[in-house]
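Here is a short report on a predicted model. Have the sequence and the structure open side by side as you read.

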Amino acid sequence: GRTNMALNGEQVNITVEAGQDLSAKQYHFVTVASDGQCDPTGDGLAGHGVLQNDPSAAGQAANVAIAGQSKVVAGGTCTAGTYVAADTNGRAVNIVSGDFALGLALESATTNGQIISILVMPQLGKVW
């Protein structure tokens, strides 16, 4: 098979305030909270995009891809062509029933921490 080439492609990005130190959360799913700031997405929860930068404190600018192609950190198994959800660390994993689908894996991952490309689609909603 082909070698994984995790890439960022054309994106729609927004800038919001970080809700906390996100310096270790680049290319993780984030959720815009009720205070308008973004935090790492919880396990299977609704997310709004993929963090592109690494703001180190609350209130700093967070650049979030809300559509298009983005790198994302895998939390384990992701299968190309399969919808992905967030795990407890905001990393991408294959979706299971009850999760919010946040994107479509464009590459497969087999290990936690591997970076793959996804199509960011936070509007998909919950998979039953």
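The side chain of His28 has a polar atom 3.0 Å from the backbone oxygen of Gln26. His28 sits in the loop between E1 and E2. Is His28 buried or exposed? His28 is buried, because its relative accessible area is 3% and the cut-off for buried is under 20%.

Beyond its neighbours within four places in sequence, His28 is in contact with Gly49, Val50, Leu51, Val73, Asn89, Gly90 and Arg91.

Ala24 lies in the loop between strand E1 (11–18) and strand E2 (29–32). Ala24 is exposed. The table sets these two loop residues side by side.

| Residue | Relative accessible area | State |
|---|---|---|
| Ala24 | 62% | exposed |
| His28 | 3% | buried |

Ala24 is 17 residues from Thr41 in sequence. In space, the two are 14 Å apart, C-alpha to C-alpha.

Now the nonpolar cores. In soluble globular proteins, nonpolar side chains tend to be buried together. The largest nonpolar core in this model has 14 residues. Phe29, Val72, Cys78, Val84, Ile116 and Ile118 have the most contacts inside it. At least two core residues come from each of strand E6 (83–86), strand E8 (100–105) and strand E9 (115–126). E9 gives the largest share, three residues.

Which residues does Ile118 touch, leaving aside its neighbours within four places in sequence? Ile118 is in contact with Phe29, Val50, Gly68, Gln69, Ser70, Val72, Val84, Leu104, Ala105 and Leu106.

Another core, of eight residues, lies apart from the largest one. Val16, Val30, Cys38 and Ala62 are among its members.

Definitions and conventions: Residues numbered from 1 in each chain as written. Predicted model: local features only at pLDDT ≥ 70, side-chain atom pairs only at ≥ 80, totals over all residues. Heavy atoms only, no water. Core = buried A, V, L, I, M, F, W, Y, C linked by side-chain atoms within 4.5 Å. Buried < 20%, exposed > 50% of the residue type's maximum accessible area, 1.4 Å probe, protein only. Helix = DSSP H or I, 4+ residues; strand = E, 2+ residues; numbered from the N terminus. Contact = heavy atoms within 4.5 Å. Polar contact = N/O pair within 3.5 Å; in protein donor to acceptor, adjacent residues only side chain to side chain.
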